[in-house]
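Open the structure in your viewer and keep the selection tool ready. We will go from stop to stop.

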Amino acid sequence: MHLWLIILNARFEVKNHRYYFNQQYSISGFYEFVVYSCMDTKRIELLAPAKNLAQGKTAIDFGADAVYIGAPQYSARSRAGNSITDIEQLAAYAHTWYANVYVVLNTLLTDKELDNAVNLVHQLYNAGINGLIIQDVGLLERNLPPIPIIASTQMHNNTAAKAAFLEQIGFKRIILARELGLKDIKAIRQDTEIELEYFVHGALCVSYSGQCYLSYAAGGRSGNRGECAQPCRKRYSLEDADGNSIVNDRYLLSIKDLNHSQHLGDLLDTGITSFKIEGRLKDETYIKNVVTSYRRALDIELEKRGLARSSSGASFTDLQPNLDYSFNRGYTSYFLDGRPRNLGANETPKMIGNFIGKIKNTDKQSFTLESKHDLTNGDGISFFKDNELHGTTINRIEGERVIPAKMEGLAKGIEIYRNHHHAFIKQVTSSKSERKIPVSISLFKSENGLGATFQDSDNNVITVEMDAELATAQKPDAMRATLYKQMAKLGDTEFIANRIETDNLEQYFFPVGVLNALRREAVEQLQAERQLNRPVELGSIDKNNIPYPETSFTFTGNVLNKSAKHFYHRHGVSDIEPAAESGLDLSGKKVMTTKYCIREQIGICTRTKPDKQYKEPYYLIDEQGHRYRLAFNCKDCEMEVYF
């Protein structure tokens with residue numbers, strides 16, 4: 001019996017491209033992956049956004065275990081809807097690797113929209129999706145197909161009591177509030193067994209998700225209806241009760257972007273099931289870069305703990321990711337391990353980029369920097385002038401001279417940042433990834449000729465036999481090489497041979513055509529066997545009378561339709577104010593609650609030093625002159641915004 005590893009010298013060749021593994025994809029690491037994926041152990045999911053079908057496929061190719069994508073209607077990102085046909089194609093593609101597709105249908109629904117939404121859910125179920133992300137519980141009062149239901153972060157899933165309630169009525173998973181820290185997550189995990197999904201990367205809502213009404217109050221565009229105008233990314237001034245100016249024309253509600261890439265192990269240890277990347281409106285370079293980065297970081301933590309990823313295979317790519325070069329407003333770990341410093345992105349809601357250096361000298365066409373740099377042709381640079389972010393591109397570099405497309409605003413002492421790394425983006429754009437499932441192949445002499453057993457890393461096993469004359473091989477060594485070569489030719493399929501056993505069959509001569517036919521038949525049968533055995537989870541909402549943790553709602557309960565009202569009444573909520581989107585007058589009402597505190601951000605937190613200079617209440621004033629009163633709940637470290 002002979003055992004050959006097809007992957008040699010940590011090198012992998014597919015379609016005339018040669019890819020090199022990083023450390024965790026060494027031969028030994030790859031073999032360990034095969035072992036882990038066959039173990040009956042906890043499965044962990046890396047969940048990526050999909051703006052559309054193409055980006056969903058890209059996310060799967062580059063290592064995502066699952067993707068989430070917007071429904072044709074009723075998604076909290078109204079500009080990221082997708083057709084049923086595209087969603088069905090994405091599900092079929094993802095299921096090749098046992099990856100999942102979740103569809104986002106998480107807006108509040110009117111009574112007139114509910115029937116159409118329910119019909120849409122049935123279409124999505126028939127399209128083969130693996131779960132439905134919702135906010136509006138009115139859907140649960142209707143006859144839904146047996147599809148797993150996931151509680152959107154718009155439901156503000158922030159307590160163990162609420163998580164336990166959702167679990168008891170049949171939710172498969174809850175998407176936790178972004179503001180939760182490790183201790184909060186541990187508390188929820190201790191009281192529940194429901195799957196826990198948590199955002200680990202991307203843009204942050206400054207408000208508690210699902211609890212922001214500022215956009216609707218100010219301009220009639222509701223975030224809970226998928227139409228947020230992002231007032232948090234606009235400029236404001238801050239005044240005290242006497243009209244004294246505290247801050248002028250800053251982006252006072254804009255905060256940095258999330259990055260938990262250094263905390264994945266901590267999150268695994270708290271019980272997180274799914275690690276979610278934000279970005280259904282981002283481009284393909286963002287998907288490639290961020291998914292690859294988190295895939296590699298998460299795999300390291302999984303290996304340490306003997307855990308397995310929730311889908312099959314491994315992705316092979318030439319991309320060397322760098323999170324600093326994808327769009328970000330600066331990074332924060334938010335409230336994961338205490339209150340962060342400098343959470344705000346108050347200078348600009350745009351990407352500043354990485355600091356390059358200060359301008360030493362300028363002339364009419366160029367500038368030089370005080371320190372060495374690696375700027376290249378095509379890079380985008382940014383800089384601040386009069387507290388406003390400006391930018392231009394680099395046309396060319398001549399020695400120390402940097403020649404931009406325009407010199408306006410550039411002067412001695414200005415700090416230069418790179419917000420578009422041309423060479424890196426070019427590399428990401430051209431990068432390819434191939435996802436492969438390890439297969440062990442065992443050849444044997446059958447009753448009438450030649451047989452083969454193929455076993456993949458998910459323990460799917462098939463055996464095929466083929467008639468063949470057993471003539472004696474004149475050159476056994478050459479025949480052995482031919483057996484290996486032909487069986488390893490898995491080409492454009494999803495498989496890669498990680499082990500081939502020949503059982504001394506090199507003593508016989510087999511025509512190449514026979515070997516190829518055997519391999520093709522085995523591949524087709526293994527593909528069919530994988531789909532036959534693909535894990536399929538059904539869901540069921542229990543229309544029970546489990547008490548909801550609260551007995552009364554203000555408009556922040558987000559009850560917009562009669563079915564949702566009936567749902568909460570059945571669960572013991574007796575007093576329900578209609579949702580803001582019902583046309584409620586929000587004058588004087590709280591339209592935002594946030595753990596981000598402007599007073600703390602600008603250094604006048606009264607918990608650390610009494611504020612004797614400015615008189616409360618403070619007011620935010622937008623560019624149209626609208627005034628929003630601020631209140632500070634210092635006991636819970638929360639800030640409230642009133643319309």
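This is a predicted model: local features need pLDDT of at least 70, side-chain atom pairs count only at pLDDT 80 or more; totals for chains, interfaces and linings use all residues.

Residues are numbered from 1 along each chain as its sequence is written, and side-chain values use heavy atoms, with hydrogens and water left out.

**Stop 1: the cores**

Select Leu 124, Leu 132, Phe 171, Phe 275 and Phe 454. Of the 115 residues in the largest nonpolar core, these touch the most other members. A nonpolar core is a set of buried Ala, Val, Leu, Ile, Met, Phe, Trp, Tyr and Cys residues joined through side-chain atoms within 4.5 Å. Buried means under 20% relative accessible area, exposed over 50%, and partly exposed in between (1.4 Å probe, protein chains only).

Now colour helix α9, residues 284-305. This helix gives the core its largest share, seven residues. Helices (H or I, at least four residues) and strands (E, at least two) are DSSP runs, numbered from the N terminus.

Zoom in on Leu 124. Leaving out residues up to four places away in sequence, Leu 124 touches Ala 71, Ile 84, Ile 87, Val 103, Leu 105, Ile 129 and Leu 132. Contact here means heavy atoms within 4.5 Å.

Next, select Ala 66, Tyr 334, Ala 580 and Phe 632. They belong to a second, separate core of 44 residues.

**Stop 2: Asn 106**

Is Asn 106 buried or exposed? It is buried, with a relative accessible area of 7%. Asn 106 sits in the loop between β6 (100-105) and α4 (111-126). Show Ser 152 too: the two side chains make a polar contact at 3.2 Å. Such a contact is a pair of N or O atoms within 3.5 Å; within protein, one must be able to donate a hydrogen and the other to accept it, and residues adjacent in sequence count only if both atoms are side-chain atoms.

**Stop 3**

Select Ala 76, Arg 77, Cys 205, Cys 228 and Gln 230. Of the 43 residues lining the largest pocket, these are the closest to its centre. A pocket is an open set of points on a 1 Å grid over the protein atoms alone, where a 1.4 Å probe fits, with protein on both sides within 12 Å along at least five of seven lines; lining residues have an atom within 4 Å of a point.

Finish at Tyr 98, Asn 100, Pro 535, Val 536 and Glu 537. They lie nearest the centre of the second largest pocket, which is lined by 33 residues. Strand β4 gives the most to this lining, with three residues.
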